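Subject: Model handover

Hello,

Here is the structure for your files. My notes on it follow below.

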Amino acid sequence: MDTYVGKMSKTCLEMAIHDFYTAHDNYTTRLVLHMRNAMGDAVRATSAAIELLKNHQVKAILGPQQSRQADFIANMGKTSQVPIISFTATSPLLSHLETPYFIRMAQVDTSQLEAIAAIVNAIGWHEVVPIYERSHYGSGIISGLADAMQGIGTRIPYQCGISPSATDDQILKELYNLMTMQTRVFIVHMLPNLAYRLFLKAKEAGMMSKGYAWIVTDGIASLLGSMDTDVINSMQGVIGVKTYIPQTKELDQFSKRWEQRFHEEYPGIDHVQLNTYGLGAYDSISALAMAAEKANIVNSQFSIPAIRDNMTDLETVGVSEAGPKLLQSVLNTKFTGLSGEVYFKYGQMPISAFQIVNLVGDDTTPIGPWTENGITEQLLASNENSIREKNYLKKIVWPGKSRIIPKGWDIPANEKKLRVGIPVKRGFSQFINVTRDPLTNAPIVTGYCKDVFEAVMNSLPYAVLYEYEPFETSEGSGESAGNYDDLVKKVSTEEYDAVVGDITIRANRTKSVDFTLPYTESGVFMIVPIKVVDKKSAWIFLKPLKTEVRITTGAFFLYTGIVVWVLEHRENKEFRGPPSKQVGMILWFSFSTMVYAHKERVVSNLSRFVLIVWIFAVLVLLSSYTASLTSLLTVQRLQPTITDINALIRNGEYIGYQEGSFILDLLKNLNANESKLRPMRTLEEFNEKLSKGSNNDGVSAIVDELPYLRLLLAQYCSNYKLVSQLNKTAGFGFAFPKGSPLVPDVSRAILKVTESSDLTLIRKAWFGDQDECSEEDETTLTSNRLSSTSALVIFLIHFFYENRHILASKEPVKQKVAAIAKTFDEKKEDAHEAAKKGKTKEEEIEMAGRGEIHLTPGATSFSNHEDGLLSPDEGLSSTEPGTPYHEYAVRGMNGDGHRNYSFHSNSDSFSDVMVYSCMIKEGSHSGSCVFAVKMLSERSGKSKLIEEKPLEKLLALPSS
C-alpha cells in the first residue's frame, strides 16, 4: 500500500463496500475487509496470505498487487480452495487454467499487443526493441510481443532486459548500448517505479530527442496522469496504450468523490488520476459481494487437518468448504460496473478496447481507440447510459516536440557510412566497373548498377551516407576476391553493410542476406546463332497445306461451282452462254468466293444455302491457312540453329557461360560435362566464340541472364537469337544484412525510380536503345512477287499471242510498238457479244445477197490498217484523220452467186484486189467462200498474197 496504485486501490475498495451495501441493504451477507501491506515484497505478501487464511479463515483474497506476489498466492488458493481475485496482476504467466482459483479482474498484458502492433504497422516501422523488466511481470510479455511483431513483418533485433534492482549507472549503460544500434523505436514494459528511472536516464542520454519513438504498455500508460513533474518532462512525446474506459455519468460522479476522499487521506500527493486498477478494485467488491450472497456461504467453515509434528503453517490452514461454490458463483457473475461490462471468460476479463494516448505537456492526449477491428476514429461506449464521444485520430507529437514521424532507425553513432561492397570483374563493364584514380588510388565505380543505386538512395526521404569498397584480393589489385556468392556472404559476416552490382536474387543467397526488389529483367536464357534460311523458294505458299488437303480443297471448289451452276444456269442469265463461258463461270465462281469477290447474283434458294455453308467453310480454311503461312514467313527467317539445351549436352557441344556466375552450377545440374563448358568474361569474347562455333574453338550456345544477353543482341542483333528460357530468376537486386531496416525503404524507392523516367534514361545512357531489331519478312515479299509476276507473265503471253501478226509484220519497230500500245489501250470486247455482232453482220450480208436489203458503201466494212490488223469497223467516220486504212465493202451478189466487193485505201501500199469464188446456197449461212487480197509494194513493185481465209470466219472475227 506504499505505492500510488496500492493507495488508490485501498480507497476504492473501502468506497465500493460502502456504495454496494448502501444500494443493496436487503443482502443478508456482508463483506469485511482485512487489509495487509506486503510492502512490494513477495515473501511478505505470502506471509500475510497465510496469516489471513489461518487466523481469519477468509473466504476470498483480493490482490496481491504484483504478478510475482500473485504467482505463489494463487497456488495457495488452489491448495486451500480459496478464490484469489487480483485486479493488478496482469502477467500472462498467471493463468486460471493452471491455478483454477485464480481470477483476474483486469486485462492480461498480452491483450494489448495487437494494439501495439497496429501502431507499429500503421506507421510502417520495420524494427523495434523491447525494453522490459527482467522479472515475472516483464518477461511474460516478450514471447507474445515477438509473435505480434512477426505477424506484421517487424523484426526484433535485440531485447533489452533491465533488472528491477539495477542502478542508474547500469540503466544508463544499457541505454548507451542501444544508441550504438540502428533501431530507434522502443517498447517499454515494466513496473512504474523502474520505468520512471528509465525515462529520466533516457532524457539524460539524449534519447528523448527527435528521431526516437517510445511506446509504453498499459502498466505505465494508465499512470501517466499521476506521475511527478520530472518524470512527465522526461517522457514528452511518449505513446501509450491503456485500457479503454467508457465515460459515463456514474463514472464521472464516482471519480469526483474518489479524488476528494483520496486527497483527504493522502494530502501530500498532488497528481492523482483514477485508472483501470482502481476501477477494477471497485468492481471486484461488487462481483464478490453478489457471488457471496448467491452462494449463501455465511456459515461455512474450513476443514482443519489433524495436527502432526513438523507441520508448516500452510499445512495447518485447511480447506474452505465453501470455496468451490463461491468460485463458480464469482465466475458466473455478470453485471455493468464502473469499468464497463464485467464478466469472466476462462477466469479473466475478456479483451476489450484500448485507448492510444500521447503524452504532451502535463496530460495525455487521446489519439484514438483500438478494437479487434484496428485503430478507429471513434468508439461508442458499451454502457447504455454512456455519453457518445468522438475520439478522432490526432497528430502525434513525438519526442523533441517533433511532428515528423520518426523513420524508426538511424545510422549508429559509431558508424558514419555504409560500407558498400562492389564486385570486381573484367567484362561487362556497362553493368559495374571499378577503376582507380591515378593520383589518389581511390576506387572509381561506374556502371548501370551503380547509377541505379545512387538514384534510388537519392530518392529516399532521408540521407544515407555510404562508401564503395571493391571486393578484391588486395587494395588496388583489380583481382576479384571470389565469386558472387562469396561477395554476398561478406554482408552476413558484417564486413559489408550492403552489396551493389549485378547481383542476382537467388534462394540460397536469401538465407544470409535480405534483397531489395529487383530492378532488372529476370530469367536465364540461351542464345544461339541464326541459321541461314533459303529465301529464294517461291512455293512457300503451298507449305501450310498438305497435298491431300490441297487436292480435297480443289475438288470441293470445283464441286461447289458445279452445284451452283446446275442450280442457276436454267433461270439465271449470268450462268448461261457458250460452253466455254459456262466452264469458266464454274471455275471462277467457286474460287472467287474465297476472297468474296464474286459479283454474280444467285436467284435460287438452294444456291444461297449452298453458298452459306461454302463461304463459312472458306472462312475457316482461309483463317487457318493465313495463320500457318504467317507463322512460316515470320519464323522461318529467324530460325535458330538449335533450341534445346539438352540436345547440346547430349551431342557434347561446347556451351559458354559468364565467368564467376551461378550459371556454371545451373548447367551442372542439367548434367552438362564441365569439360564442355567454357567460361567467358567480355562481351567481345561472347561474340567471338559464338560466331566460331563449337567445332572451331568456339561454342554452340551461350547461357546467361537476360540483361547480359540483351546487351549482346543490342550490338550483334542480326547474328544471334534468344531461345528457350532455362530458369526463372528474380533479377538484380541490392543485398543488405538480414533484417536491415533499409530494405523496405530502398525497395519502395526502387519502385519509385522504376515508375519514373530516371531508370529509362540510365538504361539508354549505358546500353543505348535495346529495342529488338526490325525484321523485314522477305519471304512474304517473295510470295507476293510470285502471285503478281505470274499473273503479269500469263497476261503478256496471251496478249502477244493474240497480236502476233503485229509482231510478225515487216513494219518498223516504232510502228509495231505504237500499234501494240494502241491495241493495249483499246477496250476489249466481250467474246460472246462480238460473236453476236458478227453473226448479225453475216445475216445482213445474206439478206443483201437475196435482195432483201441494200447495203450502201461503207455500211459493212473491214478496215485493214497498215499494221496488218483486220478488225470490224462501224463506218469510216470512226477512223481518225490521217490514219492509214483499207476498206472492203460488199456490193451485192452476182448471177453466179458470187459476192461483189469494192476496195478503197488511202495508202499506196495496196494496189490490187482479187476475189475468188464464194458459193453460198440460198437460205444457208454456210459454205465455202474464200477471197484473197493482193498487195503491191512500192518498194518491190510485185504483188503478194497476204491473207486467205473463209469469208464467214473473217466476218465473225472480232479483232484479228
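E494 lies in the loop between α15 (484-492) and β20 (498-499). Helices and strands here are DSSP runs, numbered from the N terminus: helices are H or I with at least four residues, strands are E with at least two. Phi of E494 is near 65 degrees, a positive value in a residue other than glycine. E494 is also exposed, at 61% relative accessibility. The terms work as follows: buried is under 20% relative accessible area, exposed is over 50%, and partly exposed is in between, with a 1.4 Å probe and protein chains only.

Before the rest, the ground rules. This is a predicted model, in which local features need pLDDT of at least 70 and side-chain atom pairs count only at pLDDT 80 or more, while totals for chains, interfaces and linings use all residues. Residues are numbered from 1 along each chain as its sequence is written, and side-chain values use heavy atoms, with hydrogens and water left out.

Other backbone points

Most residues other than glycine have a negative phi, and most peptide bonds are trans. Y346 has a positive phi, near 60 degrees. Y346 sits in the loop between β12 (340-342) and β13 (354-360). With a relative accessible area of 61%, Y346 is exposed. G63 and P64 are joined by a cis peptide bond, with omega about 0 degrees. P64 is in the loop between β1 (61-62) and α3 (67-80).

Overall

The protein has 29 helices and 35 strands. Of its 960 residues, 46% count as buried. Take the contacts between residues at least 6 apart in sequence: 67% of them join residues at least 24 apart. Contact means heavy atoms within 4.5 Å.

The five-stranded sheet

Five strands form an open, mixed sheet in the order β24-β23-β25-β22-β26. Two strands pair if DSSP finds at least two bridges between them. The edges are β24 (677-680) and β26 (720-727), each pairing on one side only. Neighbouring strands are turned by 30 degrees against each other on average, direction ignored. Axes are lines fitted to C-alpha atoms, for helices over the stretch in contact, and angles run from 0 to 180 degrees between N-to-C directions.

Strand β23 (residues 655-658) runs parallel to β24, joined by four bridges. Y657 has P679 in β24 as its bridge partner. Helix α22 (residues 706-715) packs on the sheet. Helix α22 touches β22 (524-529), β23, β25 (701-705) and β26, and its direction makes about 125 degrees with that of β25.

Hairpins

β13 and strand β14 (residues 363-371) run antiparallel, joined by seven bridges. L359 has T364 in β14 as its bridge partner. The hairpin of β13 and β14 has two residues between the strands, and G361 in the turn has a positive phi of about 75 degrees. β14 then pairs with strand β15 (residues 374-375), antiparallel, over two bridges. W370 stands opposite I375 in β15. This hairpin also has two residues between its strands.

Strand β17 (residues 433-436) pairs with strand β18 (residues 443-446) in the antiparallel sense, over four bridges. T435 is opposite I444 in β18. Six residues lie between the strands of this hairpin, and N441 takes a positive phi near 65 degrees.

Helix pairs

Helix α14 (residues 448-458) packs with helix α24 (residues 758-767) at about 160 degrees, axes 10 Å apart. That makes α14 roughly antiparallel to α24. The classes are: under 35 degrees roughly parallel, over 145 roughly antiparallel, 65 to 115 roughly perpendicular, the rest oblique. Y448, D451, V452 and A455 of α14 meet L759, I762, R763, W766 and F767 of α24. By class, that contact has seven nonpolar, no polar and two charged residues. Ala, Val, Leu, Ile, Met, Phe, Trp, Tyr, Cys and Pro count as nonpolar, Asp, Glu, Lys and Arg as charged, and the others, Gly among them, as polar.

Helix α1 (residues 4-23) packs with helix α11 (residues 249-265) at about 120 degrees, axes 10 Å apart. That makes α1 oblique to α11. Residues in the contact include Y4, M8 and M15 of α1 and F254, W258 and F262 of α11. The contact of α1 with α11 divides into seven nonpolar, one polar and seven charged residues.

Best wishes
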